Amino acid sequence: MMQTTELSALLDTLCPMFVMVDDQGRIVNAGPTLQKLRPGHPMRGRDFLDVFELVRPRTVTTIAGLLSLAGGKVHLKFHDEPRTALTGLIAPLPKGNGAIINLSFGISILDAVRDYALTSADFSGTDLAIELLYLVEAKTAAMEASRSLNLRLQGAMLAAEEQAVTDMLTGLKNRRAMDVVLGHLISGNSVFALMHLDLDFFKSVNDRLGHAAGDFVLQQAARIMEEETRNEDTVARIGGDEFVIIFKGLVDESVLSDIAGRLISRLCQPMMFQGAQCKISASIGTALSTQFGTPDAAELLNAADQALYEAKRQGRSRHCLYSALAASGRKPASWQ
Amino acid sequence: MYGLINRAIQSFVCTTYGQPCWLRVTEAAGLGIAEFEAMLLYDDAVTAQVLDALCADLNRQRAEILEDLGTYLVSHPNMEDLRRLLRFGGVTYVEFLHSLDDLSDRARLAVSDLRLPMLELREVSPAEYHLYCYPGLPGYSSVMVGVLRAIADDYGALAMLSHEGQSGDAEVITIVLIESSFAEGRHFDLGARKS
């Protein structure tokens, strides 16, 4: 049988964080790396449980219990600061002569190398500790590079969204684009009509058949609006199921009413989505730039809005002109 | 080509020759961009265009510039992360040289789709080594000469390096180790962490 000293020398090389304890749990020898963690306080001769606190398994509290965990894994901590966490594997020595407990840092390795200024020489040549440290640094550097790229891309995306003028779902203009068009028309003293169109029963399609059906309906509605208007007109989706159509140079109310009528009749026709029938309709309110002395975008939108509200009030699938509203003296001032 | 490589060139040029030089080079190369993103992929031709434009701008040989790039990668404070990763290769310069066989695998461990050419160290004598650089990245062996020279300083070793030329499809670098602990070298603290 190998002498204790010979065995210790062997273990110094193979597992420099070993502890050899006798049957009483007294430390016979400790590996050089483990001893390095407590310089000036030799572990040899002290009780294992005085140096280390057993964290898991919780049921084990005595040295006899510990020694019975042959082949088992234990979690330990130093009693004193820094209370580095260690994992250990217990291998009993023959004839009840105590045990070898091989310790390792496990996940606490990152703090340990810093706290104890460990070097490669403190780990055995087959220990993966150095590779782990390498990997952590390499991955951290790669992650940082990725993160900084993500931040820049996010910034670019926000800027692009800010500048975007197209509604992604329908391909129509968006609210921002509509504001720009309206601004241009007003500052250029152009005459135009502004139609505010709201889909009726859209919410019920969405609720009943799901968002995919809702998206489909919006796309179909957008297509119809583009087909029923001229190239120089602006069709914008300004909200969930709200649209604005700007007719440049067109202020003839009977023509506008015809267009509105065609739009409503086409939008009322059921659309088929994956075998399910989607029925919507539309209400429209129309205002003219010529109805205001010095037209203002907000004022015009509000006027079209009031006409739309009246159309809805009359039972949906209708078109209402702001002029009719003004003539009848019914201006729901409380509207929005 | 991985952006990391282009980005390294960009960082080297901006630090060594200044931002105006870099802008001239990217302009001359007709890239349409002046900034590379480390974690994006670029066409291989882009790197060649940049290097050609750089050689023309500086009126220097490509191999010389790439050696300087290699030195920069190890010795400039901007590149401390990379120096540390390389130093994980070994405790001594000789150990580091032997770890070069694993360099492409190590790089892949960090960035899974980064492919660096194979390297193979052959020991001629304890004081002389030949490093075989296999193809895959034009100019890699020149960069490696710069890296090996700078990291020898880092370890405090005194070594002479020369580019021996071609052997089969590999380019061969000769490393003659004059003294392995010539100077103090720079400290490598395993537990050092960025604040």
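User: How much space lies in the largest pocket?

Analyst: This is a predicted model, in which local features need pLDDT of at least 70, side-chain atom pairs count only at pLDDT 80 or more, and totals for chains, interfaces and linings use all residues. Residues are numbered from 1 along each chain as its sequence is written, chains are lettered from A and ligands numbered from 1 in the order in which they are written, and side-chain values use heavy atoms, with hydrogens and water left out. A pocket is an open set of points on a 1 Å grid over the protein atoms alone where a 1.4 Å probe fits, with protein on both sides within 12 Å along at least five of seven lines. With grid points joined across faces, edges and corners, and volume taken as the space filled by probe spheres set on the points, the largest pocket holds about 1,400 Å³.

User: Which element gives the largest share of the lining of the largest pocket?

Analyst: The lining has 50 residues, and Leu4(B), Ile5(B), Ala8(B), Leu73(B) and Leu82(B) lie nearest the centre of the pocket; a lining residue has an atom within 4 Å of a point. Among the elements that give two or more residues are helix 1 (3–17) and helix 4 (62–75) of chain B, where helices are DSSP runs of H or I with at least four residues, numbered from the N terminus, and strands are runs of E with at least two. The largest share, eight residues, comes from helix 6 of chain A.

User: Which residue is the bridge partner of Phe18(A) in strand 6 of chain A?

Analyst: Strand 1 (residues 18–21) of chain A has Phe18(A) and Met20(A) on one side and Val19(A) and Val21(A) on the other, and all are buried. Two strands pair if DSSP finds at least two bridges between them, and four bridges join strand 1 to the antiparallel strand 6 (residues 99–104) of chain A. In strand 6 of chain A, the partner of Phe18(A) is Asn102(A).

Conventions
Buried < 20%, exposed > 50% of the residue type's maximum accessible area, 1.4 Å probe, protein only.
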